[in-house]
Amino acid sequence: MAVYTQVSDEALSAFLAEYDLGAALSFKGIAEGVENSNYYLETETGRFILTLFEKRVNAAELPYFIGLKQHLAGKGYPCPQPVMGRDGSALRTLEGRPAVIVTFLEGLSPKRPNVRQCRGLGEGLARMHVALADFAMSRENALGPKAWPPLWTGRTEAAEALLPGLPSLVEDCFAALEASPAFDGNLPRGTIHADLFPDNAFFLGDRFSGAIDFYFACTDALAYDLAVCLNSWAFDEGNASDASRLEYNYSKGAALIAGYQSVRPLTDGERAALPTLCLGSAMRFFLTRLADWSATPAGALVRPKNPLEYAARLAFHLRTTSAAEYGL
């Protein structure tokens, strides 16, 4: 379970005393996610999610994330809304960690997304980009291209131990990224989610019902967000016993892109850059997973995700030459 910080009964009771939510009726850790400590919380007034911020989240940036969700809620976009304490503030401290309570969002995260869900996700992503077009706050992508070389430095041995020849693949990918103008900052930009994996999207049946976990949101190329989703939604296991063997599902990718374009059509520049954006997105998640693989705290109730799943994606994108291969 993704719980780094344990919350005592006494600390929770004192924390809830600062809200008008009543006493806790149920409180348990949530398995999904690896970045923060998340708890399901039910009180006398309803159901909520309590998050304690760990690891890569800078506490000084938390007002940005809270403001972003308030902006989306004001536009009618389905996402958790921050709950204010009696003092009018959503951000507090619990067990020495910055913490926030947000409303509970109805729906289920798909374990194996189908084609209809992929289209709904594409539509939902584009609707999010449109809703955030006038969001005034900004935040640099702390895990953008500038962060990738430092994450790779010193990890060649760990990569080789995972898969012989993997360091050579990573170096080839770095060379391809450096040779492309896709990350030069000239594509349409705005506020992006940057982590809209299946476990961060909710559905009621095949209907997209909302997005959660905005704590990697930032200002970046809008099409990069689409690339993140193609990486996380449109690959199927080719061999369940080998995480390095994954296959791109053209039907899912095409449905996701079509859903996105039904709301916000891509520009010619975004179309041309899509393969490189997908390669860059795969690099970002490969490197952070590689770092987490060997650095997960010994006492954490957490399942680090296998970097080889994204090594397979790197290999696929490196071979790709056209956005048409993704279903565009």
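**Close-up views of salt bridges and a buried loop residue**

**View 1. Aspartate 20 and arginine 86 join their side chains in a salt bridge.** The N to O distance is 2.6 Å. A salt bridge here is a side-chain nitrogen of Lys or Arg within 4 Å of a carboxyl oxygen of Asp or Glu. Aspartate 20 sits in the loop between α1 (9-16) and β1 (24-29), and arginine 86 sits in the loop between α2 (62-74) and β4 (92-94), so the pair ties together parts that are 66 residues apart in sequence. Both aspartate 20 and arginine 86 are exposed. Exposed means over 50% relative accessible area, buried means under 20%, and partly exposed lies in between (1.4 Å probe, protein chains only). Helices (H or I, at least four residues) and strands (E, at least two) are DSSP runs, numbered from the N terminus.

This is a predicted model: local features need pLDDT of at least 70, side-chain atom pairs count only at pLDDT 80 or more, and totals for chains, interfaces and linings use all residues. Residues are numbered from 1 along each chain as its sequence is written, and side-chain values use heavy atoms, leaving out hydrogens and water.

**View 2. Glutamate 61 pairs with arginine 139 in a salt bridge.** Their closest N and O atoms are 2.9 Å apart. Glutamate 61 belongs to the loop between β3 (46-52) and α2, and arginine 139 to the loop between α3 (115-131) and α4 (148-152), so this pair ties together parts that are 78 residues apart in sequence. Glutamate 61 is partly exposed, because its relative accessibility is 25%. Arginine 139 has 9%, so it counts as buried.

**View 3. Arginine 189 and aspartate 220 form a salt bridge.** Here the closest N and O atoms are 3.7 Å apart. Arginine 189 is in strand β6 (residues 189-192) and aspartate 220 is in strand β9 (residues 218-221), so the pair ties together parts that are 31 residues apart in sequence. Arginine 189 counts as partly exposed at 45% relative accessibility. Aspartate 220 counts as buried at 11%.

View 4. A search of the whole structure finds 14 salt bridges.

**View 5. Asparagine 249 occupies the loop between β11 (246-248) and α8 (250-261).** Its relative accessible area is 19%, so asparagine 249 is buried. Leaving aside residues up to four places away in sequence, asparagine 249 touches Ala234, Phe235 and Asp236. Contact means heavy atoms within 4.5 Å.
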